[in-house]
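Please look through the sequence and the 3D structure below. The paragraphs after them lead from one residue to the whole chain.

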Amino acid sequence: MIRAPWFKIIVFAMCVFLSGAAAWADGETAPARDAKQPVDDAYTAKIKKYTTQPFFTSPLVDYLPASKNVPTPEAVLGDVAGAPGILPYAEDVYKYMRLLEKASPRVKVFSIGKTEEGREMIAVAVSSPENLKNLDENRARLAKLADPRTIKLDDDEADRIVAQAVPVYYITGTIHSPETGAPTALMELAYRLAVDESPYIREIRDGMITLITPVVEVDGRDRMVDIYHWHLSHPKDFYPPLIYWGKYVAHDNNRDAMGVTLKLTENVLNTYVNWKAQVLHDLHESVPYLYDNTAGDGPFNAWVDPILTDEWEMIGWRNVSDMTKFGMPGVFTHGVFDTWSPGYLMFIAAMHNGISRLYETFGNGGADTLPRTLDQEEYARTWYRQNPPLPKVLWSQRDNNNYEQTGLLTSLHYFNENKRLFLKNFYLKAKRSVTKPAAEGPAAYVFPADDPRASSQAELLRVLQKQAVEVSRATSAFTVTLPAKKAAKGKKDKDAKDSKEKDTPPAPTTREFPAGSYVVRMDQPYSRIADALLDYQYWSPDDPQKTPYDDTGWTFGELFGVQVTRVTDPKVLDVAMEKIKEIHAPAGVSAEGTIFAINNNAEPTLATLRYKLRDASIEASEEPFESAGKKFTRGSFLIRNATRAQLADAISDLGLQATPVSAMPSVKTHPVRAARVAFVHTWLSTQAEGWWREALDNLAIPYDYISTQTLSKTADLNAKYDVILFPPVGFFSSPTAIINGFSTAWGNPLPWKNTPETPNLVGKNDSTDDMRPGLGWEGVANLQNFVAKGGVLLTATDTSRFALSIGLADGVSVGNAQRMKIVGSVVGTRLVDAASPIAYGYDEKLSAYCDNGPIFSLSSVSGARGGRRLGSESHTRPTGRGTMDDPDFTVGRPGVEVPDEPKSEIWENPLLTDEQLHNNFRVIPPANRARVIFRYADSKDLLISGLVEGGDEIAQHAAVVDVPTGSGHVILFSINPVYRGETRGTYSLVLNTILNFDNLNVGRKLAEK
């Protein structure tokens, strides 16, 4: 009989499993059940039945101990954990955990917060009754290790505490909703830890506290279970993709550990910090069969302690070793994950002196048992994956649960065996954080009290406080010494009189900060996360890692648009200051009046104020002015028809300050109206636009949330809306996909709606009978009519490409990058047109988030592609006689004067020659040409943080463009102004557009030709 090659591999793996009785070192407890404890035979038989191969399990999970009093997961699930066809809702998982708590003194359940949609999140503690009885005492011990200042950095005292303390190992599951296996695995794991009397499990239970949050993304979990139920009821049909997870974002919920924008992040972070846990271990599913990607390929995050990177390797490779001894194939670590960004949920631990861990196991996106065929790169043997997965296999949810539980139990046991080492390391990492100013530095970060963007400053400081970072405020003015700035390479001091002067190193400078300035000290336990968020990042284009896993730059001071000074001078720590519990930006109305002025410093809360004071008359100044002894910028608000009390109440929590003025200033003004806003999403992906919704909701900006399908059915959009926001789509974002959607030529409708079968799909989002249709050509026509009749369409990145592809913005084209590589970085932009209302409140330099944004080029001729030019200077004189500035000559005839060619900057509309203008009906009238508001900085100034390679391809090109179209406007963003709650500094580019929707032509200067 001829057998397939993969069958031979399976036979070989089985032989390894059957012949390889695990060898354990002297003194180590072998993983084996307690022969004296009865086994739940029926449950154990089902474990065996649902496990598709004997080598997809281990002696830790191939049985279930019996208990007379404690219910198994079957009590709630109706079958064993990992059974085919069973996917429990979060409330079912919670119901079981609370049954455990009621039946066993070894289990306690804690509510840790709510989601955006009001669903509960829980943490389940499993340990010995004695450990659970003494939780508060143990937390007090761990708190001293977490904050070594409380024991005066006394290593001997720390050792005494380490000998007494019980460590906390925190496990989280299902942050990514389509990765469905963790809840059932964690239900059964909790049972095992509570019931199993084998020495291996008992040592874990008695020696440590296992803390479990079985479902992190609760809203998305319930939607995923709905979809799975729909699939079971329609087994022959395609089922809808999980277009919404939580209220706002999908996969990006695991990129929120920096900004802490989402409730799930905040709840897990608070739990980790309040329990003083040592480990945060997050469970994911995407890779066969278990990939411990905690320790990746590099580069590692620059701010993690080397003690941690050593712990990653210790635990990860031991995990691989133990599971390999069990004969389980496809267990590996290292891989390609770079461990650079601190945005992942697990990195909460890495940035708070703990140990971050993450598993990727192999899930089926539901509870079906399916044949799975791998790509060659997935089953190839590599140096870090010597026992790879099989090329083809029948895979079940039970197989996945076996791997998850086995990995966790071996990790828990190894951690417990070495808990004194890990507890001491926990203390040492905290101590090294406290002593940071005298070691690698810096000493502090200072936020000046006179920052004009007080509200944004307060928001950033509140993010740090969410991270459990201490924020202090100086009670008097102080001066610090700042390091001398190094001269740029290649620059020479032309004014130096001799070489001695040229060689003189630049001297340090000093800076004075006013009283009330905020100080984030680095001699505190969680200085690491503050330093990581506030410092700058540099990813070398020459780094061996050519495929960064996520963003490469994130400097929060730059992205929030506020002033942050890194101070290495240790004297800053001697400044008189007091710790602040709550951050409140200065706000109020200075005196009575009938007209009040509020300076426009590009604070997002100005937009909030406009919608709060709907009945007030608000105008924007079109020029700077002075009044009441103060200077006011362009776009400053002038408010009438509101009393001092009304205004004070409205701005009390907005960080805005109003000044009464005796009369309206003499400068031109225009009304600032509360625009009617439509917010458009596709049914292709809601990943990127969710961050925009979160920002608008946080600022209380009202909008109608509509799909491209609704656009296609609404002929007169102007009757309902003044502004249409079309944020980035993200996945499947080609213009063709936006228009066509998913194909309706085959298959079945894909509904997204609440039914008795799917009661949770539509929460705070949208619904449809069929997700497949896209915008359609009717929708394209409706958008075109909307703009032509005076509407404003705002687009960003891929939707800007879309708008250009359907001809909505003539005179702008997108070039294809040849060498450019900007991976989630902070880049510099420059203000081009300060008179545009879109630019109100902004300075000449603005930092922005860019991820290979489109390269815009402008043309003054309709239908023409603007010539893409590099950011560096080019020399266009033809080859010939003389120098670069000399004219050429022709032998045998007198020289003639060459007319000057019109020159324009890279970001500008090219000037036209008389020849081009002659009878050329395609020339775009000056009033209809694209208006550049911001451009990208020059090549040398483009990179602020992250990775920029080949940046000269986009340098100096337009970054924010206002294109008049008909009676309306199309706004194009190459940057992404609203992203992950991290880019507050560019929010007002969007909000200014909304506030000034009917006056965007203000300040526009027209070309002569």
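Leaving aside neighbours within four places in sequence, which residues is Leu145 in contact with? Counting heavy atoms within 4.5 Å as contact, they are Ala158, Ile161, Val162, Leu423, Phe426, Tyr427 and Ala430. This is a predicted model, in which local features need pLDDT of at least 70 and side-chain atom pairs pLDDT 80 or more, while totals for chains, interfaces and linings use all residues. Residues are numbered from 1 along each chain as its sequence is written, and side-chain values use heavy atoms, with hydrogens and water left out.

Leu145 is also among the residues with the most contacts inside the largest nonpolar core, which has 154 residues. Such a core is a set of buried Ala, Val, Leu, Ile, Met, Phe, Trp, Tyr and Cys residues joined through side-chain atoms within 4.5 Å; buried means under 20% relative accessible area, exposed over 50%, and partly exposed in between (1.4 Å probe, protein chains only). Helix H8 (residues 182-195) gives the largest share of this core, nine residues. Helices (H or I, at least four residues) and strands (E, at least two) are DSSP runs, numbered from the N terminus. A second, separate core of 82 residues includes Cys850 and Phe934.

Pro878 lies in the loop between strand E34 (855-858) and helix H28 (914-917). Pro878 is exposed, with a relative accessible area of 59%. From Pro878 to Asp888, ten residues on in sequence, the C-alpha to C-alpha distance is 8.3 Å.

Taken whole, the protein chain has 30 helices and 39 strands. Of its 1009 residues, 59% count as buried. Its C-alpha trace spans about 105 × 75 × 70 Å along the principal axes.
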